[in-house]
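This briefing sets out the domains, contacts, sheets and hairpins of the structure shown below. Please read it alongside the sequence.

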Amino acid sequence: MSVKAPRISVTVAEVLEVNPLIKRFRFVRSDGQPMPPFSGGAHIVVEMDDHGTRRLNPYSLMSVPEDSSGYSISVRRDDTGRGGSLYLHQHVKPGMAMEIGYPVNLFSLDQRAKKHLMIAGGIGITPFISQMAQLTSLGGRFELHYSVRNRELGAYVDELKALYGDRIHLYFDDEGDKIDLNRLLAGQSFGTHLYVCGPKGMISWVRSTADAAGWPKGTVHSEEFLAPPVGQPFTVELAQSKKTITVGATQSLLEAMEAANVDAPYLCRGGACGQCETDVVSCDGHIEHNDHWLTDEQKASNRKIMPCVSRFGGKTLVLDR
Amino acid sequence: MRSRPVYGELTPRPGSGHLFVADGEGAEAILDLFQKAGAQASSLLEKSHIIYMPGPNGTDLGVRLEALGAAQYHRSPSFASAQSRLKKVLADAHMGLQIYLAGTEGLMGQAQRDVIEAGLPHEAVQTEHRGSTVRRVQCVHCKGITENVRTDPFKCSHCGLHLFVRDHYSRRLAAFQGVNIDAEDPGQVPDAVERFK
């Protein structure tokens, strides 16, 4: 996908306050047609015109995959972020016209699994909501372990309990609950796959614990979208386009290229998928590699950059774009 | 040929249990693994289960393998007779069990197929090729499988067609593909060459 990729024109059908931090948005197609189908774990990129700043942020779809009447996303407000979630929370109202991208799945269920063990932290619950709906209609086995800060901020806790009963296990941080991961992993029948979505620390904890317990890499799946970090403004030369652009403090390099009408590829816009990988022609300075796509060797070589989340500090950076 | 399996070298990995399936010279890959494990060998053996059968060339190193002293050692006359045991072990197992396969391609392919059916990705299984290179081949015409194919072409043991042995491999069938070599000019069959020993 790139800036010129086709979009779906949608109307905001519903905005619902789930709890003090999370709002749910439902989009339906403005032309009345059905939405394209998606699979559990897929996300969409929501385009926002934030008072002149164009934002394209990825959000996991949490509606039922078979429901083509609309898409639902849940957005956690980040008061210190760049403003995408704040814009959605403060300015998006029912009836508004917006643009979204087609669904893309970088966190799909592995259908070879005999059972799906899901671990969610906070807003990381959203992809699992669509995955559990998909497994329910296909008849797949699953259990979910969902960790939240407290009862008030436990989004969808009651709804999930009502739908799935004892397959949902809840952990409230402020009540001292903690997932006994070693025990949980040791008791899983052969052929179980593990999925984790949540804060960075939780993902690395689950990944390293599973690795030490002998879970093969191909049975452990995770998703984490990074928000592009803010930083100092910097200048980049684009060799193919013959343009020199300045990346603003709260802008990502990808967004700056798009603003300059450079057709740069992307999918997740969160450092995970690898689609925006760009060759570095020359670099006199330091690339702040913020992605988890490039290998450590690639990062050290300064020959590649992921413009969706990475930044630069120094004299000159020339990219093959 | 992308589907041609690539085999590695067995290495001990952390896990809650260790299941070995081997035939013929594959026994030596297991013996080498415990040699490499050094001081950890005894704790590894306490959680190990070895299923072994002689190779298609008659090689039987069962006595040396049994002498390792694994928690469980089971000798079978053939893969067919060992398969129900393998399936039962996988059905009762928990995640954390490590799988090691060694020996001929036919044995590793069939055991790997059972592991994949139990829900593990194929790359999660360690393999090491030892011993005979004879192939398990499926006739694409009658679908019958001929074990221990030595020559190319060979005569299908089911329908009698002369088959060219391709490198095209199916994990689902655990077999290479055999295609009629004289379909266009019936009777024009090249001399059989012993390609697999």
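Domain bounds are taken from an automatic or database domain assignment. On that basis, chain B comprises domain 1 (17-129) and domain 2 (135-194), and the centres of these two domains, taken over C-alpha atoms, are 29 Å apart. The model is predicted: local features require pLDDT of at least 70, side-chain atom pairs count only at pLDDT 80 or more, and totals for chains, interfaces and linings use all residues. Residues are numbered from 1 along each chain as its sequence is written, while chains are lettered from A and ligands numbered from 1 in the order in which they are written.

**Confidence**

- The model has an ipTM of 0.90 and a pTM of 0.89.
- For chain B the mean pLDDT (the predictor's confidence in each residue, from 0 to 100) is 95, and 100% of its residues reach 70 or more.
- Where pLDDT is low, predicted coordinates should not be read in detail.

**Domains and their contacts**

- In chain B, nine residues of domain 1 are in contact with six residues of domain 2, two residues being in contact if their C-beta atoms, placed from the backbone, lie within 7 Å.
- The side of domain 1 of chain B that touches domain 2 of chain B has two nonpolar, five polar and two charged residues. In this classification Ala, Val, Leu, Ile, Met, Phe, Trp, Tyr, Cys and Pro are nonpolar, Asp, Glu, Lys and Arg are charged, and the others, Gly among them, are polar.
- Chain A is divided into domain 1 (8-100), domain 2 (115-223) and domain 3 (234-319).
- The centres of domain 1 and domain 3 of chain A, taken over C-alpha atoms, are separated by 27 Å; seven residues from domain 1 of chain A and six residues from domain 3 of chain A make up the contact.
- On the side of domain 1 of chain A that touches domain 3 of chain A, strand β4 (residues 53-60) of chain A gives the most, with four residues. Helices (H or I, at least four residues) and strands (E, at least two) are DSSP runs, numbered from the N terminus.
- That side of domain 1 of chain A divides into three nonpolar, two polar and two charged residues.

**Interface between the chains**

- The contact between the chains takes 17 residues from chain B and 18 residues from chain A.
- By class, the side of chain B that touches chain A has nine nonpolar, six polar and two charged residues.

**Parallel sheet of chain B**

- An open sheet of five strands in chain B has the order β3-β2-β1-β4-β5, with parallel pairing; two strands pair if DSSP finds at least two bridges between them.
- β3 (72-75) and β5 (126-129) of chain B stand at the edges with a single partner strand each, so one side of each is left without a neighbour in the sheet.
- Neighbouring strands of this sheet are turned by 10 degrees against each other on average, direction ignored. Axes are lines fitted to C-alpha atoms, for helices over the stretch in contact, and angles run from 0 to 180 degrees between N-to-C directions.
- Strands β1 (residues 17-23) and β2 (residues 48-53) of chain B run parallel and are joined by six bridges; B:V21 has B:I51 in β2(B) as its bridge partner.
- Helix α4 (residues 79-92) of chain B lies across β1, β2 and β3 of chain B, at about 160 degrees to β2(B).
- Helix α5 (residues 105-117) of chain B packs on the sheet and touches β1, β4 (97-103) and β5 of chain B, its direction making about 160 degrees with that of β4(B).

**Antiparallel strands and hairpins**

- In chain B, strands β9 (residues 154-155) and β10 (residues 162-170) run antiparallel, joined by two bridges, and B:K155 stands opposite B:H162 in β10(B).
- Six residues lie between β9(B) and β10(B) in their hairpin, where B:G160 in the turn has a positive phi of about 85 degrees.
- β10(B) is joined by five bridges to the antiparallel strand β11 (residues 175-180) of chain B, with B:V179 in β11(B) as the bridge partner of B:F164.
- In chain A, eight bridges join strand β3 (residues 43-50) to β4(A), and the two run antiparallel; A:V46 has A:N57 in β4(A) as its bridge partner.
- The hairpin of β3(A) and β4(A) has two residues between the strands, and A:H51 in the turn has a positive phi of about 50 degrees.
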